[in-house]
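Here is a friendly walk through a two-chain model, one part at a time. Please keep the structure open beside the text as you read.

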Amino acid sequence: MAAANLTMTNLEKLKNLVIDVFLIDPSEFRLDLRRDQVDTWDSLGVVSLAVGVQETFGYHFTQDEALSVTSVSDVAGILSRHGITFDGA
Amino acid sequence: MVPITTDDSVIPVLLDGPACGVRDLEEHWDRRPTFAYLPEKSVVTPEWVQDALQALPSRFREDHFCLLTSGSTGNPKLVVGCKKRAERLAEVLHRVQESSVVAETLVSLPLSYCYAFVNQWLWARVAGRRLRMTPGLGRPDVLRESLRDAHDAMLCLVGPQVPVLFRLFGEEQFAGVVRLHFAGGRFPQQHLAGLRRMFPNAHIFNNYGCAEAMPRLTLRLAEDADQASDIGRPLPGVHLKTGESGELLFLSEYRAVAQVDGSGCRVITDEEWIASGDLAHVTGSGRWELLGRSGEVFKRYGEKISLPQILTTVSNHWHGQVHHYRDRDGAGEEGYVLVLCPAPAQETLQMLLQAFRGGHPRTHWPLRIESTEALPLLPNGKVDGLALRDQENKSLHWRQRI
């Protein structure tokens, strides 16, 4: 599991995280997926996503960042600004 | 077993198991002095029982019997029953369960378990039927032979035994079982089709009750409902109502007369409504429906969580065993952990997660989904919730990141 995680791209890691946190079907995942399109992206979902980002990428969202996220691409954008790149994104 | 004594200050304590034959039990039932009947292995010692029973009023020192509740709550206590009341209940059960066609009862649970004690041992005695002891699932080979040899038999089980039966006996059918009774927890509604295959001639009953009821309160024929939470209607002589917080309360002609624990004896009066430990409501048709154990309904982030309702969702997608234990999330908020047995396939897990997404808000989702090779069981066949929480070899399949 850990070895597989090492070979995953950051985009794949983000995809798995979003699927796992919001329980969406893999086919639903898109970078431009917005909060208002996911019924399970509620307040606890915001917290879960922030915890998941820290566990997966080692970056801790500030409170403002966590609250400003309205789409998957926002997450990728914040992480990119902190050196975590998403090739192909 | 403590031998029969002529010392009236000592209440004989019988231990279930090979040391105590059914004949010993018969002998103590026939004598007037009250006796206690305990599981062979339990959280209390005969000495604890003797000490606790010092508090028993003199009027209960004859014509009564004491059984130990499972202790799964961590607070073991003795329930004191009246022999005559219990015999009356056995007669009522014989009538309402249409047991005249039953020739024998196969015992696969510890007889010291209130349900088996009244539903099987005492019923067999009162109705003049054969009692056949088996070693239960501890010796599946012997149990299978007993089931193969069964003739117009009644069998009493608890829900967690069913998947084990299926695993052990596969597609085998036991046509000699004509009555199949369940009690001691959630009715295994999800296994009904399998039970019908295994016991093609059996009428299947959901028997709701509790130790303080000694032990039965309601009766439901399996066909009469499609939800495990439906417990049917009260037995003759039993009255049910709900308390202010939705707790199920009962008055019963057969109930225990006192409870005894390390802190003393509490006498139960005839007028006292007793809490069964469950939340429930009555439907328009007069049937009763469980909403959860008093401790199985709790609030998480302000939302009421009913674990039995959640288990209903789970059982629609998962046909193995399932149990749960309580835990807290990283914010200190109360939640629960779902434990499946055996480990689910990835596809099944995904279906389960989708069922949570589709049918429940996030607050209802489990903190974790784990699996174990075997659910730890108490001697009476119920899942040992405390041991399950502490079990070290569980596998983690999914968790909420919170």
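## Chain A at a glance

Of the 89 residues of chain A, 22% count as buried, that is, with 20 or more other C-beta atoms within 10 Å of their own; exposed residues have 12 or fewer, those in between are partly exposed, and the C-beta atoms are placed from the backbone. The model is a predicted one, in which local features need pLDDT of at least 70, side-chain atom pairs count only at pLDDT 80 or more, and totals for chains, interfaces and linings use all residues. Residues are numbered from 1 along each chain as its sequence is written, while chains are lettered from A and ligands numbered from 1 in the order in which they are written.

Chain A has 5 helices and 0 strands, and its elements read α-α-α-α-α from the N terminus. Here helices (H or I, at least four residues) and strands (E, at least two) are DSSP runs, numbered from the N terminus. Among the contacts in chain A with a separation of 6 or more, 53% are between residues 24 or more positions apart; a contact means that the C-beta atoms of two residues, placed from the backbone, lie within 7 Å.

## A helix pair in chain A

Have a look at helix α2 (residues 10-22) and helix α3 (residues 43-57) of chain A: their axes come within 10 Å and cross at roughly 145°. Axes are lines fitted to C-alpha atoms, for helices over the stretch in contact, and angles run from 0 to 180 degrees between N-to-C directions. The crossing of α2(A) and α3(A) is right-handed, the near helix being turned clockwise from the far one by less than a right angle.

On the α2(A) side, K13(A), L17(A), V21(A) and F22(A) take part, and they meet G45(A), S48(A), L49(A), G52(A) and T56(A) of α3(A). By class, this contact has 4 nonpolar, 4 polar and 1 charged residues. Ala, Val, Leu, Ile, Met, Phe, Trp, Tyr, Cys and Pro count as nonpolar, Asp, Glu, Lys and Arg as charged, and the others, Gly among them, as polar.

## Sheets in chain B

Chain B holds an open sheet of 6 strands in the order β1-β2-β3-β4-β14-β15, with mixed pairing; strands pair if DSSP finds at least two bridges between them. Its edge strands, β1 (13-15) and β15 (264-267), each pair on one side only, and the twist averages 25° from one strand to the next. Within this sheet, β2 (residues 35-38) and β3 (residues 64-68) of chain B are parallel over 3 bridges, with Y37(B) opposite L67(B). Helix α3 (residues 83-96) of chain B lies across β3 and β4 (78-82), at about 75° to β4(B).

Elsewhere, β9 (residues 203-206) and β10 (residues 218-221) of chain B run antiparallel, joined by 2 bridges, and N206(B) faces R220(B). β10(B) also pairs with β11 (residues 230-234) of chain B, in the antiparallel sense over 2 bridges, where L219(B) stands opposite R233(B).

## The two faces of α5(B)

Which residues of helix α5 (residues 140-149) of chain B are buried? They are L143(B), S146(B) and L147(B). Seen down the axis of α5(B), these fall within an arc of 100°, so they line one face of the helix; the arc is that of the directions from the helix axis to the C-beta atoms. The cover over them includes β5 (104-107), β6 (130-133) and β8 (177-183) of chain B. The face turned away carries the exposed D141(B), V142(B) and E145(B).

## Where the chains meet

Finally, 10 residues of chain B are in contact with 11 residues of chain A. The chain B side comprises 4 nonpolar, 3 polar and 3 charged residues.
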